[in-house]
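Here is a friendly note to go with the model you are opening. Take a look at the structure first, then read the points below.

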Amino acid sequence: MKKILTFYLQPYYLRMAVGFLIKFTGTIMDLLLPWTLAHMIDVVIPANRRGGILLWGGFMLVCSLLAVSLNILANRMASRVASDAMFRIRNDLFEKIMYLSGSDLDRFTRPSLISRLTSDTYHVHQMLGRIQRLGVRAPILLTGGIVMTLLLDPALALVLLATLPLLTVVVVLVSRKSIPLFGQVQLRVDRFVQMLREDIAGIRVIKALSREDYERERFDRINREVVEWEKKATLTTALTSPAMNILLNLGMVGVLVVGAWRVNRGLSEVGKILAFMTYFTIILNALLSISRMFVMVSRAAASAERIAQVPDGPDERGITLVPDGPDERGIMNACDSQAEQAAGRTGAPASPPHIQFQQVSFSYTGKGRQLSDISFSLNHGETLGIIGPTGSGKSTLVQLLMRFYDVDQGVIRLDGRDIRSLDLQSLRRQFGVVFQNDSLFETHIYENISMGRSLTREQVMDAAAYAQAKEFVEEKGGLKEKLDIRGANLSGGQKQRILIARALAAHPAILVLDDSSSALDYHTDARLRAALGEHFRDTTCILIAQRISAIMEADHILVLEEGRMTGYGTHQELIRSCGLYQEIAKSQMG
């Protein structure tokens, strides 16, 4: 909350000060009305001065018009400040999310980030607007009302003031308990958003398996949990208004009893009592507004803390580049014997390999390893096929190469340089990648392939042709055809070809295809591989596949099992020497 109030609102301090001044003036106009009415009843009317009645009546009319006009103007300014500040907060939060490291994305979780960017920012937005509107007006009405009652009749004012300490205790106790409750509510909302995303994304699977009732029960459980925590939080804050009403109404009874006695004794006038009752109503409404603000601030404080956790943390832009040179942990600048033999067999040049893994180990959580002691090298233009059981670390290897995560042990080199010494943007611009379960966006085919890289339509159409997507793209109306969200209006094979076209469009130095041809028929897959061989000879390729037929022509094949290398070589070498590869080949090819 402190950062939002000091950093994001700082550019608007002058505008807010002007708005506060306008709001203050309008509120003072409101406070003058009951006093003027009391003066007219007790002084002007008994004197039977018609001119005075018209004069003071005109004064009340002017005060009313000024109060309405100034409050409307101040409210518009407050809304503008809240909207502009929230625009900056959302922009900074989204920018930060775009640069979060893979480990931070895992730590925050995607549903939680969505919740912070939507519902949490909404709560803060509501709070910023309400604080400027009621946060100025309500305290002034409360303070001004008390001052005016003291000026009118100090004895009656003291009866009312006796309730204020009790009211303060109620507000403090409720706020202290409600803020942690609203934090728990937002955690449950994160889980709710996660389930909602999964069910909507997998709605076809749910329908196909007739699991609608099961998912509805799951949804009901999580929804009920959110509602129960919402009830705990809102019921806690709901105590404020009734408690205030009881205390203030008791104060009102006391004021009426004491006031009637004082009027009867001639110590006060009827006009003052009427004005006092009006000020009492003003004070009551101001206190109720303040109590509602405490509820909103409690919710917004929990949301602001969650928002601040994201921008305050490190991101990829703050990653320190390590000096390039010999690995400080004493790792030998050579691959294992299998990789050296492969390099010698293909006549590896004296220049450094294009891609080199040296005794790389990695764990996502620090418990157990997803990769252990991985070593291999690739020269420019060579192709590496990676195969292995599900969960063996195939995709993890690629994420380390692109530095979504940093290795725990070992080193990864690109053209002889430690990738940790390279600027991240420069590193990743060398890649064209199709990940598992990659995303298509709800926009034109052209935008889905170009992805804002200022590619010409000819370049995009050439990439579509290389990916064997040109024919169906033209059938659908060309590059201007708009895709549904996640490419719902395309078949599985068509989606994969658009994704491959995206990876090829900028002619990357390194092409990574992570199980990206699983939905292609053998004929289309063969034509794709032929196009890659013809037009991307100098591109180093990494192919992750479940089918041996997709990688058997690769220059090198890496076999992974439980994060370890169980084989490295050509197809023929692995058929002779690697038991796991033999099992996969036998099951797929007979």
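1. First, a word on residue classes: Ala, Val, Leu, Ile, Met, Phe, Trp, Tyr, Cys and Pro count as nonpolar, Asp, Glu, Lys and Arg as charged, and the others, Gly among them, as polar. With those classes, the lining of the largest cavity has eight nonpolar, no polar and two charged residues.

2. Some background on the model. It is predicted, so local features need pLDDT of at least 70 and side-chain atom pairs count only at pLDDT 80 or more, while totals for chains, interfaces and linings use all residues. Residues are numbered from 1 along each chain as its sequence is written, and side-chain values use heavy atoms, with hydrogens and water left out.

3. Now the cavities. On a 1 Å grid over the protein atoms alone, a cavity is a set of points where a 1.4 Å probe fits but cannot get out, and a pocket is an open set with protein on both sides within 12 Å along at least five of seven lines; lining residues have an atom within 4 Å of a point. Grid points are joined across faces, edges and corners, and a volume is the space filled by probe spheres set on the points. The structure holds five cavities of 30 Å³ or more.

4. The largest cavity has a volume of about 70 Å³. Its lining includes Lys-3, Tyr-8, Leu-93 and Asp-312. Helices (H or I, at least four residues) and strands (E, at least two) are DSSP runs, numbered from the N terminus. Helices α1 (2–8), α3 (50–98) and α11 (270–312) each supply at least two lining residues, and α11 gives the largest share, five residues.

5. The second largest cavity holds about 50 Å³ of space. Among the residues lining this cavity are Arg-15, Phe-20, Met-77 and Gln-132. At least two lining residues come from each of α2 (13–44) and α3. By class, the lining has six nonpolar, two polar and one charged residues.

6. The second largest pocket has a volume of about 400 Å³. It is lined by 23 residues, of which Thr-383, Arg-529, Leu-532, Cys-541 and Leu-543 are the closest to its centre. Helix α19 (522–535) gives the most to this lining, with five residues.

7. Do look along helix α5 (residues 110–152). Its 43 residues reach 60 Å from first C-alpha to last, close to the 63 Å expected at 1.5 Å a residue (1.5 Å times one less than the number of residues). A kink of about 40° is centred on Ile-131; the bend at a residue is the angle between axes fitted to the seven residues ending there and the seven starting there.
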